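Subject: Handover of a structure and its analysis

Dear colleague,

Please find below the structure that I am passing on to you, together with its sequence.

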Amino acid sequence: MKNMLSIDVEDYYHVSGLSSVIRRADWENYPKRVVENTHKILRLLDVHNTKATFFILGIVAESFPELVKAIHKAGHEIASHGYGHQPVYELTETQFRQDLQHSVYTLERITSEPIKGYRAPSFSIIETTSWAIDVLFDLGFRYDSSIYPIQYDRYGWPNAQRFPHVIKSHGDDVLWEFPPCTIRALGRNIPIAGGGYFRFFPYRFTKACIQKLNAKGLPTMVYLHPWEFDPDQPKFQPEFKNRIRHYLNLDKTESRFSELLKDFTFTTISDFATQLN
Ligand SMILES: [Zn+2]
């Protein structure tokens with residue numbers, strides 16, 4: 001059974017959870033680690049003969065076009081993580097549209113291939129920003145992966161669908177939604193296989209959950225970030241909750257990720273959903 005693997009390509013200082021201690025205006029002053037960390041992921045994927053979808057931040061692509069080319073050349077899918085990493089709920093509809101267009105222009109100029117997919121910074125398509133779906137559809141995106149069907153502080157749309165589905169269509173034009181992986185427990189959706197949740201739960205638990213979903217014929221969407229493979233990144237002191245979220249078990253990501261790639265079959269979103277091609 002094929003599962004979907006996605007990497008949100010951004011640097012440690014872009015993360016929303018650190019925004020209380022890192023000002024956007026200072027981003028350019030921090031040591032850049034995204035290239036090296038992304039190459040770490042590319043090497044692991046190569047060892048396990050696995051392809052993934054890379055949602056690349058526009059500002060990263062602009063600074064490091066060679067990185068985008070390397071990801072593309074290795075046969076992975078290039079998709080958009082927006083341009084400036086502002087959560088959708090901090091943007092007007094016009095600003096969101098401009099951010100998307102800027103990111104697509106930046107990526108397409110490097111790869112010369114159309115961008116089909118989008119993931120919002122911090123999964124920030126929520127009930128109050130559902131207008132973003134219309135904008136994505138309007139701009140010709142084929143799929144979105146920004147709606148997290150959980151209850152959470154910064155994001156989440158708790159009663160959204162948990163598995164791939166068509167979220168908007170008109171005639172032959174269709175926009176798919178690919179939600180990150182959750183399990184049902186205690187009457188709610190629990191995120192298990194991405195980012196801080198992947199680092200929080202013991203790997204044997206993650207593995208058992210994915211096995212259980214796959215046994216029912218249900219695919220999972222896993223996501224990680226290059227900075228999660230970097231225990232040596234510069235450390236900051238945000239509020240306790242965000243400190244835990246960002247720094248927990250960074251030294252375990254690489255070995256767990258290798259286990260995951262050994263235990264399951266993963267592919268890109270476009271390869272998983274062949275109807276997108
Ligand atoms: Zn992000």
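Two strands are said to pair if DSSP finds at least two bridges between them. With that term in place, please note that the model is a predicted one.

Strand β1 and its partners

Several strands pair with β1. Strand β10 (residues 221-224) runs parallel to β1 and is joined to it by 4 bridges; within β10, Met-221 is the bridge partner of Met-4. Strand β11 (residues 265-267) also pairs with β1 in the parallel sense, over 3 bridges, and here Lys-2 has Thr-265 as its bridge partner. The pairing of β1 with β2 is parallel too and extends over 4 bridges. In that case the bridge partner of Ile-7 is Phe-54, in β2.

The nonpolar core

Which residues have the most contacts inside the largest nonpolar core? They are Val-9, Phe-54, Ile-56 and Ile-78, in a core of 66 residues. In soluble globular proteins, nonpolar side chains tend to be buried together. Leaving aside residues up to four places away in sequence, Phe-54 touches Ile-7, Val-9, Ile-71, His-76, Glu-77, Ile-78 and Ala-79.

Just after α3, Gly-75 takes a positive phi of about 95°.

Helix α4 spans residues 93-111, which makes 19 residues. From its first C-alpha to its last it reaches 27 Å, close to the 27 Å expected at 1.5 Å a residue. Its buried residues are Phe-96, Asp-99, Leu-100, Ser-103, Val-104, Thr-106 and Leu-107. Seen down the helix axis, the buried residues of α4 fall within an arc of 160°, so they line one face. Thr-94, Tyr-105 and Arg-109 are exposed and sit on the face turned away from that buried side. The buried residues of α4 pack against β2 (53-56), α2 (58-63), α3 (65-73), β3 (77-80), β4 (117-118) and α5 (131-138). Just after α4, Ser-112 takes a positive phi of about 55°.

Leu-175 and Val-222 lie 47 residues apart along the chain, and their C-alpha atoms are separated by 20 Å.

Strands β8 (residues 182-185) and β9 (residues 188-191) pair in the antiparallel sense over 4 bridges. Thr-182 has Pro-191, in β9, as its bridge partner. The hairpin of these two strands has 2 residues between them, and in it Leu-186 takes a positive phi near 55°.

The protein as a whole

The protein has 10 helices and 11 strands. Its radius of gyration is 17 Å, close to the 19 Å that the globule rule gives for 277 residues, so it is as compact as a globular protein of that length. The C-alpha trace spans about 45 × 45 × 35 Å along its principal axes. Of the 277 residues, 44% count as buried. Among contacts between residues at least 6 apart in sequence, 74% join residues at least 24 apart.

Yours sincerely

Conventions
Residues are numbered from 1 along each chain as its sequence is written. This is a predicted model: local features need pLDDT of at least 70, side-chain atom pairs count only at pLDDT 80 or more; totals for chains, interfaces and linings use all residues. A nonpolar core is a set of buried Ala, Val, Leu, Ile, Met, Phe, Trp, Tyr and Cys residues joined through C-beta atoms within 7 Å. A residue is buried if 20 or more other C-beta atoms lie within 10 Å of its own, exposed if 12 or fewer, and partly exposed in between; C-beta atoms are placed from the backbone. Two residues are in contact if their C-beta atoms, placed from the backbone, lie within 7 Å. The expected span of a helix is 1.5 Å times one less than its number of residues. The arc is that of the directions from the helix axis to the C-beta atoms. The radius of gyration is taken over C-alpha atoms; the globule rule is 2.2 Å times the number of residues to the power 0.38.
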